[in-house]
Amino acid sequence: MESESKRKKESPNTAELAVTASFPDEVLEIVLSLLTSHRDRSSVSLVCKDWYRAERWSRTQVFIGNCYSVSPEILTRRFPNIRSVTLKGKPRFSDFNLVPPNWGADIHAWLVAFAAKYPFLEELRLKRMAVSDESLEFLASNFPNFKLLSLLSCDGFSTDGLAAIATHCKNLTELDIQENGIEDSSGSWLSCFPESFTSLEVLNFANLTSEVNTDALERLVSRCKSLKVLKVNKSISLEQLQRLLVRAPQLEELGTGSFLQDLTARPYADLESAFNNCKNIHTLSGLWEAVPLYLPALYNSCANLTFLNLSYTALQSGEFAKLVVHCPRLRRLWVLDTVEDKGLEAVGSNCPLLEELRVFPADPFDEEIIHGVTEEGFVAVSFGCRRLHYVLYFCRQMTNAAVATIVQNCPNFTHFRLCIMTPGLPDYLTNEPMDEAFGAVVKTCSKLQRLSVSGLLTDLTFEYIGKYAKNLETLSVAFAGRSDRGMQCVLEGCPKLRKLEIRDCPFGNEALLSGLEKYESMRSLWMSACNVTMNACRRLAKQMPRLNVEVMKEDGSDDSQADKVYIYRTVAGPRRDAPPSVLTL
Amino acid sequence: MSQDTTVDSPESSDGASLMSFDTELTLGLPGESRSPARAPAFAQGHKKNCTKRGFMETVIDLNLGTSHISMPRGQNSESRVSGTGKYPAAKAQVTGWPPVRSFRKKTLEGSSKLVKVAVDGAPYLRKVDLQIYSSYQDLFRALEEMFTCFTTRDYNMEERKLTGALNGREYVPTYEDKDDDWMLLGDVPWKMFVESCKRIRLMKSSEAVGLGKYKFS
């Protein structure tokens, strides 16, 4: 192996090694190659030089949580044998339009480096990166072994880029295109898969809108015998779906197209039978515009479902309750708040194995009050689903008492993301701040890793978090707190904190600077619309050279205020690709 | 900005403690899109050096839902909430809030025909996606369920069948069409209705004079 000879050239005096090493490098590498967790590998690499060396030669997968924390050069120098790369780019608040366009996180420089150093690259998973069609074409043409492409929340490319991938990647097993800012001009990319191409195992184009050639899709599905995951888009009708299912009874994850039937469609029985024939489906999504009339076709398939994603389907409580009765094995559920508390009560009654619940708002920006879900629905789920450990809940009202009950029922929360949609809303029954609610969460849920707070909150919430949330890694705060003390409590008290994102809070320079030593142990800090000045940011940048302190300026705002601050640790130094609106201090 | 809202005397001692809170804080909300009425005050405050905007001022600016702050004038009266313990409609037009991915927002906007359903006497508006129903019967069944929910939740009455209410001609289902006319549900073919309906109102029979006879049973 090429890598072996390289390694021998680099080793120091082998005689010395033979005395001191407990076993030879080759064995160490084999042992280490069994380690897949990134954190374990990081720990291993810190033990001693031999282990560092063995680890870097044996590592094949790398996860980079912030693309600017390291450079392509540094990465490729350290790890010579990478086959799989996961890269995350923009700060999370870019999903909510808080980051200026052209901010950065362009994949291209990385691809150029990979083409030189990792020509056998197989997998690329990108989140919040800027990806152009040119980059996708480059990817398709320079990596003959390329197998897996997953794009989530990326932007800058169009369906032309996808066409390049489909045309040239002969060994592709997975194409997963999720929730991206894609220019969707045509569905013709799907027809670019050659007739000889049969290796596809995962195909997800659910979030694209343009029509694909259904004949081409049918033929593709027919010849890819290993296809396990198929998530089609809205343009696929029920009739077409039935034909696809008949050709792929081995499917394990299905995203349907439109569940809206037109008048000249096939009989219902064919559809039901097609679903019944797919005995391995454990994940179901799509159901765009689901007409309740046709949902019963799914009932038999629901018996084995572990993940049901209805987050793009506006089902009312009655229809949803009827469906959920058939899903006793459900472990993950994503719904819209159109199902209301009654729908969630049905979940509590029927899904004892539920571990994850996400309730999204159907109409978050509407001015008039829409019912949605309240604390009652959440409480009902907590009584029925004691294994619940992940929740994302958008609601319009909440009480401290309800949250206390919820965590008493479900003390194992690892992810608790509660979004009371009106900023600064108190407990609607007692009119008090929601401090005690989040106090209860952090006191009771010792395994808590991720927390998003909302509602009217004083510094007390953050005192609680600092005091009790010892496993907390990610904290999101908005419209909360009273003084710098709040943020200070968190920075001082949470040893495992990695990501802190804050917006519209009265935290200022004192709070920012109190975390001076802390930020190098974190991935990043985001503060926007707080009380931080440019001078404080400059001070921070000066004292901590291994942090990048970036300020995003808004037009017409006060020059001394730092409107949006993004601070992250890096070994790559200040970045050179920032747009004019982003100042690196 | 503050002149748009009137701060009533607090209804409870909790309200008073909120009002007497006097920590001086500056909250900047730069660059967020705001209605013209709000912009001057905001910009004015922000231009001063060392601007100190009280937290409560910002709460009022955002029209955050504390019970003793009444809604600004000009708000559609239909959406006003009556009843204790409920909060006025939040008009917080803040960038990026609530934190829903813009992709999701765009997708949900385009994928359905959501129309508001108002029921005379109920404090909340609801929404239905007309595209998921294939006939008036389907829609009525859904409205039934919704109406029952209203009465059970908000008036603490025992559950009663809407069929009774509709059949008993207590409520008349009407809708506003593209030409801003109020019509009776059922007058036009279903598809035409879906296409032209802007909002639905279950009107008290006593008010539905001149709309024609209620035909459905």
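In which loop of chain B does B:Pro98 lie?

Analyst: B:Pro98 lies in the loop between helix 3 (55-61) and helix 4 (102-111) of chain B. Helices here are DSSP runs of H or I with at least four residues, and strands are runs of E with at least two, both numbered from the N terminus. The model is predicted, so local features need pLDDT of at least 70 and side-chain atom pairs count only at pLDDT 80 or more, while totals for chains, interfaces and linings use all residues. Residues are numbered from 1 along each chain as its sequence is written, chains are lettered from A and ligands numbered from 1 in the order in which they are written, and side-chain values use heavy atoms, with hydrogens and water left out.

The peptide bond that joins B:Trp97 to B:Pro98 is cis, with omega at about -5 degrees. Of the 217 residues in chain B, 48% are buried; buried means under 20% relative accessible area, exposed over 50%, and partly exposed in between (1.4 Å probe, protein chains only). Among contacts (heavy atoms within 4.5 Å) in chain B between residues at least 6 apart in sequence, 59% join residues at least 24 apart. Chain B exposes about 11,000 Å², of which carbon and sulfur atoms supply 50%; such areas come from the Shrake-Rupley method with a 1.4 Å probe, and for residues only the protein chains shown count as cover.

A:Asn102 is in the loop between strand 2 (84-88) and helix 7 (108-117) of chain A, and A:Ala105 lies in the loop between strand 2 and helix 7 of chain A. Phi is near 60 degrees, a positive value in a residue other than glycine, for A:Asn102 and for A:Ala105. A:Asn102 is exposed at 66% relative accessibility, whereas A:Ala105 is buried at 0%.

As for the cysteines, a disulfide is a pair of cysteine sulfur atoms within 2.5 Å, and the count over all chains is 0. A:Cys278 is in no disulfide, the nearest cysteine sulfur, that of A:Cys302, being 13 Å away; A:Cys278 is buried, at 4% relative accessibility. The sulfur of A:Cys494 is too far for a bond because the closest cysteine sulfur, in A:Cys489, is 9.3 Å away. A:Cys494 is buried as well, at 0% relative accessibility.
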